[in-house]
Amino acid sequence: MQTGALDFRNRSAILDGLDGARFDLLVIGGGVTGAGIARDAAMRGLSVALVEARDFASGTSSRSSKMIHGGLRYMAQGDLGLVQEAASERKAVEAIAPHLTKMTPFVIPAKNAAAIAKLRTGLWAFEKLGGVPKGRQHEVWSRKDVEANEPAIDASDLTGAVVYPEYLTEDAKLTLANVRAAVAFGAVAISYAPVAEIICESGKAVGVILDDALGDTSRARISAKVIVNAAGPWVDRLRGLEEAGAKPRLMLSKGVHLVVDQARLPVARTIIMGARDKRSVFAVPKGRFTYIGTTDTFYPQDHVWPHIDRDDIDYLVEATNKRFGIAPLGDADIVAAWSGVRPLVGQEGKSASEISRKDEVWTGPAGILAIAGGKLTAYRRMAERVVDTVEDLIGRKPTPSQTATMPLPAGDLDVEAVTSALAATMPRVEAERLVALYGAEAPLAAGGPEAEARYAVTVEGALQLEDVWVRRSNRAWFDDKGGEDALPVLAKEMATLLNWSPSQIEAQIKACLDIRADSLSALKTTFVSS
C-alpha cells in the first residue's frame, strides 16, 4: 500500500465513521490551501478532518497556469514580502516534490537596451530577495540568441531577451499529494461531501453537517474545536452559512488557457508576451503540446466551469500571433481549453490583475477562520500560518511546522533515474509525462489509461470519470482530441472498480464530453465530439 493512499470505495463507511466524531480541526475545502493546512496540522499531531464538496482540487487548484514561480511582476506592485515568500517557497516545493517542480526558463523578449536594463534591475533585486544561487540567476540573450534558441519567435523588433529560471508544476497532483500526506499522518479525508449546515452552540461554531453529493441520503455530523473555511471561490458561500447576509469579501477573477499542438507553436521555454491591455501572458511548453494563458477578468459567478467567451480566445490568440513568426493560429488549432476562477480578496477600484495575491485570514462571528487570496506557490507557508493560529486557539503549545523538509508521497525520487528507467520501455515524452504526474510511483500507473484509472481509484481517491480525465491523468487538456478516445477505456476500468452499470458508464462519458464541448463552444469552427 502506498503512503497515504486514498481509496474511497468504502466512502459510506468513512461517512459513518465521521458521524458523531470530534476533531481538533475541521478543514472545509480540498484545494491546495485546505490540503496544505490538513497536512501541516496532522504532521503536528492534531486530529484533523478534511472535507470537500466535489473532488479534491476540482476548483482553482486544477485551473492555474501550473507554475511554481516567484511572481516577478509583484515587485512592480511593491509587494516585496510576497515576492520573497514565493521565491523561497519554490525551493521548499522542489525539495519535497522534485517531480512537481520542473525547471523551465522564462524568456522575456526586449525591444531595446533600456528595456533589458530595467528587467535586469528588477531581476537582480528579485534574486537577492529570494536567495537565488548564481547558477540559477538570469542571463541576457542577443537577438541572434533569440533566433537560435527560440526560432518560432518573431525577433525582428527585438534587441534581445532576458531569461531566468522558473518552475512548472502539476497543480492538481500537488494538491492530491498533500491530501495523501495528511491521511498518512492520521487525518480523515472525504470528497463529494458538501457542508449543508454549520452547527452553532452559544453563538460559536462547533461543527457541521455533511451531505453526500453522490446520491446517498446519509448525512454526517462532525464536531471540531476549530473550523477553517478554505473553500477558495466558495469561501463567501460558506461565510453565508455562518452568518446570514454576510457581506462578500471576494472578487473572483476568471483565468482562461488554450492548448495547441507543440508542432503549431514550437517553444522550448516559457515565452512571455504582451497582450492588448499591457498585461503579460505566457506560451508554455508541455510535452506534445503548448498552452497559452492566461486572462484575468472579473467574473462575479462562482461557477465550477466558468464560460469561455469569444473575447477570451481572441485576447490570447492575438498576443500569440503578434509575438511569433509562425502561420497565424486560428480556432482550428485549439485542441483544448480550460477556465477557472481566482478567489481574490476584494480591493475596490482596482482591476483584476492589479489586486494583490496576498492571502488574508478572517475570523467570522461564530469563530470560523476563513482564508482567501494567496498564490499556489506560497500554499505551504499559508498553511503554516493558519495552523499556528489553530494551535493558539485550542491552547496548545506552539510546535514547529515540518512541511518544508518531509517529502510528499511519491516525492522521494531521482527524477532523471525514474524517467530513464521508464523510457527504456516507452517514448521519452510519455515517460516524462508519467513521472511528472506520479513521481516515484510512475511505474504503477504505466500501462495506458487502464493502469492510470486503477491507480486513480485505489491510490488517489477518484470517484468520477471527470476526476481521472481532468485531474489525475491530465488527458482532458494534454492528449489527442482532449483525451476523448481514452474516456471509454478509463470508464470501463473504473466501472469494474466502482460497480458502475452500463447506463452509469454512458452518463459518466457524456458528462466529460459535455465539459469539453462547452469549453470549446466559442470557437468559430464547429466542434463535434467523436
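Which helices each supply at least two residues of the lining of the largest cavity? Select α7 (171-184) and α12, which do so; helices here are DSSP runs of H or I, at least four residues, and strands are runs of E, at least two, numbered from the N terminus. A cavity is a set of points on a 1 Å grid over the protein atoms alone where a 1.4 Å probe fits but cannot get out, and lining residues have an atom within 4 Å of a point.

The model is predicted, with local features requiring pLDDT of at least 70 and side-chain atom pairs pLDDT 80 or more, while totals for chains, interfaces and linings use all residues. Residues are numbered from 1 along each chain as its sequence is written, and side-chain values use heavy atoms, without hydrogens and water.

**Largest cavity.** Keep α7 selected: α7 gives the most to this lining, with four residues. The volume is about 90 Å³, taken as the space filled by probe spheres set on grid points joined across faces, edges and corners.

**Second largest cavity.** Next select W305, W469, W477 and R516, which are among the residues lining the second largest cavity. This cavity holds about 70 Å³ of space. Helix α17 (502-519) gives the most to its lining, with three residues.

**Second largest pocket.** Now go to K102, K286, E432, R433 and A436, the closest to the centre of the second largest pocket among its 32 lining residues. A pocket is an open set of grid points with protein on both sides within 12 Å along at least five of seven lines. Its volume is about 700 Å³. Helix α12 (428-438) supplies the largest share of the lining, eight residues.

**Nonpolar cores.** Select I37, L210 and V228, which have the most contacts inside the largest nonpolar core, a set of 108 residues. Such a core consists of buried Ala, Val, Leu, Ile, Met, Phe, Trp, Tyr and Cys residues joined through side-chain atoms within 4.5 Å; buried means under 20% relative accessible area, exposed over 50%, and partly exposed in between (1.4 Å probe, protein chains only). Helix α16 (residues 487-498) gives the most to this core, with seven residues. Another core, of 34 residues, lies apart from it and includes V107, L265, I326 and L329.

**Cysteines.** Finish with C200, partly exposed at a relative accessible area of 38%, and C512, buried at 1%. The structure holds zero disulfides, a disulfide being a pair of cysteine sulfur atoms within 2.5 Å.
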